[in-house]
Amino acid sequence: MSADTVVAGHRSPAATTRSTSSSLIYFSSVSGYTKRFIEKLGLDAARIPLHANDPALLATRPYVLVLPTYGGEKGERSILPQVIRFLNNEGNRNLLRGVIGAGNTNFGTTYCLAADKISAKCGVPVLYRFELMGTSDDVLHVRQGLEEFWKQQSRSRP
Ligand SMILES: Cc1cc2nc3c(=O)[nH]c(=O)nc-3n(C[C@H](O)[C@H](O)[C@H](O)COP(=O)(O)O)c2cc1C
């Protein structure tokens, strides 16, 4: 569970926001593969809302974004609108430190393309890529990798 707070908006439910201090933020569609991977990690994490009327998620601390690619072979529109909406918030964008891509190698050249696109656009590294809900090796690599990554970050940005 993450330490989230809900702040009611003044005009409509869509104006409501939810803040998170999690250092891991992820998107997962209704198929929930990425959610299952995150659950296996056992780390505090916040999910980007699925529906337009859900409270918008606001990051309050530096974080790593985990996201699947949805696009198909041409790689068009590979970043889902929910993720675009989240990153269109300048505060959220400024706190992004790295990306982890989820995908399926069956898609060939567009494997984890959304992570590559966000990496290029926001100037942050792609830290890891995994398929579907990830293997137990993926879970170990990401757990250890994130621990090392945040140590490095605190050394370079005291
Ligand atoms: C319509 C559709 C398009 C997809 N396109 C890609 C793609 O271009 N590249 C890729 O690596 N994976 C692609 N995938 C695979 C998903 O990224 C993968 O299944 C992911 O684990 C889904 O995560 P989620 O269930 O958390 O949303 C696609 C899946 C679907 C259903």
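**Strand 7 and its surroundings**

Strands here are DSSP runs of E with at least two residues, helices are runs of H or I with at least four, and both are numbered from the N terminus. From strand 7 the chain passes through helix 4 (residues 113–122) into strand 8, a right-handed β-α-β crossover. Right-handed means that, with the strands pointing away from the viewer, the path from the first strand over the helix to the second runs clockwise.

A word on the model: it is predicted, so local features need pLDDT of at least 70 and side-chain atom pairs count only at pLDDT 80 or more, while totals for chains, interfaces and linings use all residues. Residues are numbered from 1 along each chain as its sequence is written.

Now, the strand's neighbours. Strands 7 and 8 (residues 126–131) run parallel, joined by five bridges; DSSP must find at least two bridges for strands to pair. Strand 6 (residues 63–68) is also parallel to strand 7, with six bridges, and Y63 sits opposite L96.

Is strand 7, residues 96–103, mostly covered or mostly open? Mostly covered: seven of its eight residues are buried, meaning 20 or more other C-beta atoms within 10 Å of their own, with C-beta atoms placed from the backbone.

Finally, the ligand. Of the 22 residues around the ligand, S28, S29, T34, P68 and G103 come nearest; being near means a C-beta atom, placed from the backbone, within 6 Å. Helix 1 (33–41) and strand 7 are the elements giving two or more residues to this shell, and helix 1 has the largest share, three residues.

Technical notes. A residue is buried if 20 or more other C-beta atoms lie within 10 Å of its own, exposed if 12 or fewer, and partly exposed in between; C-beta atoms are placed from the backbone.
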